[in-house]
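Keep the structure open alongside as you read.

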Amino acid sequence: KIEFYKENKQQTLASLKIGCKPENADLCGAQIDWAKDKSSRKNVLQLTTMTGNEFLLHSDDDSIHDWYRAIRHVIDKMSKKGLSIPAHSIWKSSSSEEVNRCEGDKPNPKEAKSEHRKSLILRLNHSSSDTSEKKRVKSRLKKFISRRPSLKTLQEKGLIKDRVFGCHLATLCKREGSTVPKFVKLCIEAVEKRGLDADGIYRVSGNLATIQKLRFVVDHEEKLNLDDSQWEDIHVVTGALKMFFRELPEPLFPFGFFDQFVDAIKNQDYDQRVQCVAKLVKKLPKPNHDTLSVLITHLQKIIAKAMVNLMLSQSVGIVFGPTLMWPEIETSNMAVNMMYQNQIIDLILTEHAEMFNPEGM
């Protein structure tokens, strides 16, 4: 026979009381098979005795296969000998294993055979109370998710604002009904109003915590006033503008143009180099082209004050080269690419009139 003991999590075989009576099942003439149609759980065995009692054995891991082979071996051995064997006891003494006995109603000989079933479920790692609690939590989560308003509804109510940082340039411009992001224009206006003479403008870093705070305001609030005293440090404004460009999913110079610009800047003939870069600039998507044009026009005003702010075109190129363009996949030539990136921005700044000449478009 096979015996089942009901065990508490901290209980061991040695601590069982002498008078404890285990639940048992006679294996003589019994049948064992996988209970695929009796339970929705995996790894469930059905043991049916000669008297018609049924037992379901469950394990959360593959150890159930060992139980199946062991019980099958005993049943086959007994059927060959035609004898019963001494009682066998299945016991798992572990804090992570327990045997939970689910008793049915007392057998009634007048009722059908199904009424005689007793179900014993061997469960590992969690108790029946854990299962019921998980079911309750799962049910509540389903209700919460089903009642949750859609993103569109939250946006219509003004509870969620479309972000600016990290948004695709074309998407942002389309949403704002412009070809140059509003935030870019606001930053440029603020810098030209009170930062053209600032020493190392765009090169000097602002306070990162304040820059992050400004970013949060831009992404979550309707109105932005860069003249507010909390944005008094102009390097915070320039830092936020550079962060905006760096966090674009695709840079201002799209990935598909990177190698073309690098090849153009390698041209040994200066005039041909200018012409090649100018042609590529004119081929940029409308939002990218117009935003670059506004930014370059602004940076020329920075360079015009180089005697005061110490920012020459080469210095601006070093700052904005890796900010405005980078390859889709970084390679071991990162240092070489950075040199070309700087030269490309420097050339566009120097030859601004040629790059954005409407007649050549």
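Two strands pair if DSSP finds at least two bridges between them. With that in hand, look at β5, where glutamate 54 is the bridge partner of threonine 48. One thing to keep in mind throughout: this is a predicted model.

**The overall picture**

The protein has 14 helices and eight strands. Of its 361 residues, 41% are buried. Take the contacts between residues at least 6 apart in sequence, and 65% of them join residues at least 24 apart.

**The sheet around β4**

Back to the strands. β3, β4 and β5 make up an open sheet of three strands, in the order β3-β4-β5, with antiparallel pairing. Which strands stand at the edges? They are β3 (31-34) and β5, and each has a single partner strand, so one side of each is left without a neighbour in the sheet. On average, neighbouring strands here are turned by 20 degrees against each other, direction ignored.

The pairings themselves go like this:

| Strand pair | Sense | Bridges |
|---|---|---|
| β3 and β4 | antiparallel | four bridges |
| β4 (residues 44-48) and β5 | antiparallel | five bridges |

Threonine 48 is a handy landmark in β4. Glutamine 31 stands opposite threonine 48, and glutamate 54 in β5 is the bridge partner of threonine 48. The side chain of threonine 48 also makes a polar contact with the side chain of glutamine 46, at 3.3 Å. Glutamine 46 itself sits in strand β4. Is glutamine 46 buried or exposed? Its relative accessible area is 15%, and buried means under 20%, so glutamine 46 counts as buried.

Now for β5 (residues 54-58). This strand is mostly covered, with five of its five residues buried. Glu54, Leu56 and His58 point one way from the strand, while Phe55 and Leu57 point the other way. Both sets are buried.

**The turn between β4 and β5**

β4 and β5 form a hairpin with five residues between them. In the turn, glycine 52 has a positive phi of about 95 degrees. Threonine 51 is in the loop between the two strands. Why does threonine 51 count as exposed? Its relative accessibility is 66%, and the cut-off for exposed is over 50%. The C-alpha atom of threonine 51 is separated by 8.8 Å from that of aspartate 26, a residue 25 positions away along the chain.

Two packed helices are described by the angle between their axes and the distance between the axes.

Start with helix α4 (residues 169-176) and helix α10 (residues 286-304), which pack at an angle of about 85 degrees with their axes 9 Å apart. That makes α4 roughly perpendicular to α10. On the α4 side you'll find Leu169, Ala170 and Cys173, which meet Pro287, Asn288 and Thr291 in α10. Sorted by class, this contact has four nonpolar, two polar and no charged residues.

Then there's helix α9 (residues 270-283) with helix α13 (residues 334-350): their axes cross at roughly 90 degrees and come within 11 Å. So α9 is roughly perpendicular to α13. Tyr270, Arg273, Val274, Val277 and Val281 of α9 make the contact with Leu347, Ile348 and Thr350 of α13. Here the residues divide into six nonpolar, one polar and one charged.

How values were computed. Residues are numbered from 1 along each chain as its sequence is written. This is a predicted model: local features need pLDDT of at least 70, side-chain atom pairs count only at pLDDT 80 or more; totals for chains, interfaces and linings use all residues. Side-chain values use heavy atoms; hydrogens and water are left out. Buried means under 20% relative accessible area, exposed over 50%, partly exposed in between (1.4 Å probe, protein chains only). A polar contact is a pair of N or O atoms within 3.5 Å; within protein, one must be able to donate a hydrogen and the other to accept it, and residues adjacent in sequence count only if both atoms are side-chain atoms. Axes are lines fitted to C-alpha atoms, for helices over the stretch in contact, and angles run from 0 to 180 degrees between N-to-C directions. Angles under 35 degrees count as roughly parallel, over 145 as roughly antiparallel, 65 to 115 as roughly perpendicular and the rest as oblique. Contact means heavy atoms within 4.5 Å. Ala, Val, Leu, Ile, Met, Phe, Trp, Tyr, Cys and Pro count as nonpolar, Asp, Glu, Lys and Arg as charged, and the others, Gly among them, as polar.
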